[in-house]
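Please keep the sequence and the structure in view while reading.

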Amino acid sequence: MNYVDWLSHVDRGEPGNALLCCIQEPYLWGMLKKVLQKDVLGGHFLDFNYISLDAQTVSPEELISALETLPLMGERRVVVLEHVPLQKEALQKKEALLATICESVLHRPPNVLLVLGFEGEKPFRGKLLKQMEADLQRIALSPLNERELQRFVTKQLQQRSIRFEEGVLSLIVNASEYLDPRAAKTLYDVENLVASTVALAKDGCLYRQIVEDALISPSERNIFALMDAINDRNGARACALIKGYESLGEDPFRLFYMVVRQIRNMIGVKRAERMRLS
């Protein structure tokens with residue numbers, strides 16, 4: 001299941017008993033832990049009932065002690081184990097701890113919700129994981145797609161009571177570079193961009209032209225002009241724009257990738273037109 005699916009389980013009072021979170025988007029991991037504290041535990045006695053441990057430093061004995069401790073003034077304790085080493089190359093180095101984790105999942109105390117945090121898309125399916133995976137609920141904390149990202153930005157603006165003109169949303173999404181894997185951006189970066197963009201609002205509204213002037217860099221404007229020149233088959237204009245791009249001190253490889261991305265988008269539009277998709 002994904003993060004949204006898990007939230008629906010929490011709303012039904014069914015957060016799970018043992019979770020394996022595959023973390024690719026750290027922002028969602030942070031949000032999940034807040035939900036555990038606020039919604040699963042009700043925000044009460046967190047110093048006693050919410051325990052966070054690091055698998056890189058915790059001993060098997062410390063983990064067992066955390067799991068066997070009874071909850072205080074509540075029905076459940078949550079034990080979060082971060083940085084669980086389920087990569088193939090790490091299995092032998094942490095063999096004792098992983099054996100303890102496996103035993104804890106298979107024979108988990110009934111009043112404990114155990115949450116394992118693994119950084120990556122898929123853990124190595126070795127012997128120990130095979131033994132306990134039937135008792136684990138796997139949650140994929142994956143990067144958002146374009147539509148999900150638009151909803152995230154919209155919610156961020158709504159939480160700040162900011163209205164916005166048509167086109168502003170796409171400007172923020174594009175400026176964030178979140179959808180470009182090479183940029184290695186997270187939702188924390190997007191959140192910071194939204195927070196800085198909100199400062200451009202006038203009378204509680206973000207206007208397209210103001211946001212465009214602030215977010216689109218000279219190099220990006222150069223790219224759009226370059227694509228127009230290529231489409232018009234104007235070689236002289238295209239060469240002049242490339243020289244202008246170089247004069248800005250930008251990486252030529254970034255120019256190449258931006259052009260490729262624009263051409264890929266154009267091909268996608270052409271295909272959609274042929275398929276009569278809007």
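The points below are grouped by topic, after a note on the model.

This is a predicted model, in which local features need pLDDT of at least 70 and side-chain atom pairs count only at pLDDT 80 or more, while totals for chains, interfaces and linings use all residues. Residues are numbered from 1 along each chain as its sequence is written, and side-chain values use heavy atoms, with hydrogens and water left out.

**Helices H2 and H9**

- The axes of helix H2 (residues 26–40) and helix H9 (residues 187–198) come within 7 Å and cross at roughly 90°, helices being DSSP runs of H or I of at least four residues and strands runs of E of at least two.
- H2 and H9 are therefore roughly perpendicular to each other, a label given to angles of 65 to 115 degrees.
- Pro26, Tyr27, Leu28 and Gly30 of H2 meet Leu187, Tyr188 and Glu191 of H9 in this contact, where contact means heavy atoms within 4.5 Å.
- The residues of this contact divide into five nonpolar, one polar and one charged; Ala, Val, Leu, Ile, Met, Phe, Trp, Tyr, Cys and Pro count as nonpolar, Asp, Glu, Lys and Arg as charged, and the others, Gly among them, as polar.

**The second largest pocket**

- The second largest pocket is lined by 19 residues, of which Tyr3, Val4, Leu28, Phe152 and Lys155 lie nearest its centre; on a 1 Å grid over the protein atoms alone, where a 1.4 Å probe is used, a pocket is an open set of points with protein on both sides within 12 Å along at least five of seven lines, and lining residues have an atom within 4 Å of a point.
- Helix H1 (3–11), H2 and helix H7 (146–159) are the elements that give two or more residues to this lining, and H7 gives the most, with six residues.
- Twelve nonpolar, four polar and three charged residues make up the lining.

**Helix H8 and its surroundings**

- The buried residues of helix H8 (residues 168–176) are Val168, Leu169, Leu171, Ile172, Val173 and Ser176, buried meaning under 20% relative accessible area and exposed over 50%, with a 1.4 Å probe and protein chains only.
- These buried residues pack against H7, strand E6 (163–164), H9, strand E7 (205–206) and helix H10 (208–215).
- Glu166, in the loop between E6 and H8, counts as exposed at 76% relative accessibility.

**Positive phi**

- Most residues other than glycine have a negative phi.
- Ala184, in the loop between H8 and H9, has a positive phi of about 55° and is exposed, with a relative accessible area of 60%.

Notes:
Axes are lines fitted to C-alpha atoms, for helices over the stretch in contact, and angles run from 0 to 180 degrees between N-to-C directions. Angles under 35 degrees count as roughly parallel, over 145 as roughly antiparallel, 65 to 115 as roughly perpendicular and the rest as oblique.
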